[in-house]
Amino acid sequence: MLETPALQRTATLPPPLDTRYQVETPEGIDLPLRPAGLMPRALAFAIDLGIRGLILGFLFGILAFFGDLGIGLGSILLFIVSWWYMVLFEVLRQGCSPGKQMMGLRVVQDDGRPIGWSASLIRNLLRFVDMLPFGYTFGAISCLQHPAFKRLGDLAAGTLVVYREQPVKRPALPSVLPVRPPFALSLNEQRAVLGFAERQAELSQARVNELATILAAPLNVQPPRAVAELNGIARGLLGPT
């Protein structure tokens with residue numbers, strides 16, 4: 001009886017979901033950007049819309065006392081606030097309107113450079129297209145369909161709304177005088193000493209003493225002085241701050 005070999009099944013797995021946006025600088029450095037999705041952008045726009053409403057309400061309340069002149073000035077202010085609010089903040093504040101600032105977002109060019117006047121004008125003038133036919137329908141559909149969550153104005157202007165990267169703050173070292181190690185430490189040894197000094201606040205005292213004894217053994221430091229000695233060496237390695 002002949003047996004037919006079983007057919008091998010091959011399945012193509014979908015690529016992993018990754019919304020990071022890689023930009024290569026002229027120096028050949030990869031700059032990772034994280035595009036912002038629809039919800040944080042919508043919340044940022046709602047905040048900016050509320051701020052503009054408060055500004056216009058305050059100004060209209062004052063101009064109401066000036067009769068026809070106030071109506072004319074109010075029309076001019078309505079145009080300026082409606083169309084130049086976003087442009088001025090985006091260009092003069094590194095792509096951050098107040099709403100984007102609160103949501104941790106900013107607008108940049110596709111290559112990661114700060115947004116300029118022309119790009120900001122284009123993306124904001126085309127905002128009325130994104131609002132068609134009502135309630136930002138076109139903009140929402142474009143944002144959901146594009147891999148970098150771009151609305152139509154972003155596509156035309158070559159811009160991208162990304163999350164602002166927060167600077168990582170290193171843990172503070174204990175306030176001690178710097179100590180010179182008895183011999184030159186290797187790079188891994190320096191990292192171990194600095195890691196101990198930075199993380200000891202997260203550990204129990206018993207664990208701190210245990211690790212300090214292990215790390216200080218090659219330095220010929222007695223266990224009672226191990227913690228203080230390692231903190232001093234770490235301060236000396238890090239230098240003045």
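Me: Hi! Which residues line the second largest pocket?
Reply: Hello! In this predicted model, the second largest pocket is lined by L49, R52, G53, L56, V81, S82, W83, M86, N124, R127, F128 and M131.

Me: How much space lies in there?
Reply: About 200 Å³ of space lies in the second largest pocket.

Me: And which helices supply at least two residues of that lining?
Reply: Those are α1, α2 (67–92) and α5 (127–130).

Me: What about the lining by class?
Reply: The lining of the second largest pocket has seven nonpolar residues, three polar ones and two charged ones.

Me: OK, on to the largest pocket. How much space does that one have?
Reply: The largest pocket holds about 270 Å³ of space. It is lined by 16 residues, and R41, A42, F45, Y136 and R151 are the closest to its centre. Two elements give two or more residues to this lining: α1 (38–63) and α6 (137–145).

Me: Which element gives the largest share?
Reply: That is α1, with five residues.

Me: And how does the lining of the largest pocket split by class?
Reply: There are nine nonpolar, two polar and five charged residues in it.

Me: Let's stay with α1. How far apart are its end C-alpha atoms?
Reply: They are 37 Å apart. The helix has 26 residues, and at 1.5 Å a residue it should span 38 Å, so the two values agree.

Me: Which residues of α1 are buried?
Reply: The buried ones are P40, R41, A44, F45, D48, R52, L56 and L63. One of them, R52, also lines the second largest pocket, and so does L56.

Me: Changing topic: where does UniProt put a transmembrane region?
Reply: The unreviewed UniProt entry gives that annotation to residues 42–65 and 71–92. In the model, residues 42–65 are 92% helix and 0% strand, with end C-alpha atoms 35 Å apart. Residues 71–92 are 100% helix and 0% strand, and their end C-alpha atoms lie 29 Å apart.

Me: What domain does UniProt list, and at which residues?
Reply: The unreviewed entry places "domain: RDD" at residues 36–155. Over that stretch the chain is 70% helix and 4% strand, and the end C-alpha atoms are 15 Å apart.

Me: I clicked on S142. Where is its place?
Reply: S142 is in helix α6.

Me: Does S142 count as buried or exposed?
Reply: Buried: its relative accessibility is 11%, and the cut-off for buried is under 20%.

Me: What is S142 in contact with, leaving aside its neighbours within four places in sequence?
Reply: S142 is in contact with K150, R151, L152 and L155. R151 is also among the residues closest to the centre of the largest pocket.

Me: Now α10. How many residues does it have?
Reply: Helix α10 has 13 residues, 226–238. From first C-alpha to last, α10 reaches 18 Å, close to the 18 Å expected at 1.5 Å a residue.

Me: Which residues are buried in α10, and what do they pack against?
Reply: A226, V227, E229, L230, N231, G232, I233, A234 and R235 are buried. The buried residues of α10 pack against α8 (187–199) and α9 (205–216).

Me: What follows α10?
Reply: G239 does, and its phi is positive, near 80°.

Me: Last one: A206. Which helix is it found in, and is it buried or exposed?
Reply: A206 is found in helix α9. A206 is exposed, with a relative accessible area of 57%.

Technical notes. Residues are numbered from 1 along each chain as its sequence is written. This is a predicted model: local features need pLDDT of at least 70, side-chain atom pairs count only at pLDDT 80 or more; totals for chains, interfaces and linings use all residues. Side-chain values use heavy atoms; hydrogens and water are left out. On a 1 Å grid over the protein atoms alone, a cavity is a set of points where a 1.4 Å probe fits but cannot get out, and a pocket is an open set with protein on both sides within 12 Å along at least five of seven lines; lining residues have an atom within 4 Å of a point. Grid points are joined across faces, edges and corners, and a volume is the space filled by probe spheres set on the points. Ala, Val, Leu, Ile, Met, Phe, Trp, Tyr, Cys and Pro count as nonpolar, Asp, Glu, Lys and Arg as charged, and the others, Gly among them, as polar. The expected span of a helix is 1.5 Å times one less than its number of residues. Buried means under 20% relative accessible area, exposed over 50%, partly exposed in between (1.4 Å probe, protein chains only). UniProt positions are given in the numbering used here, feature names are shortened, and annotations may be inferred rather than shown by experiment. Contact means heavy atoms within 4.5 Å.
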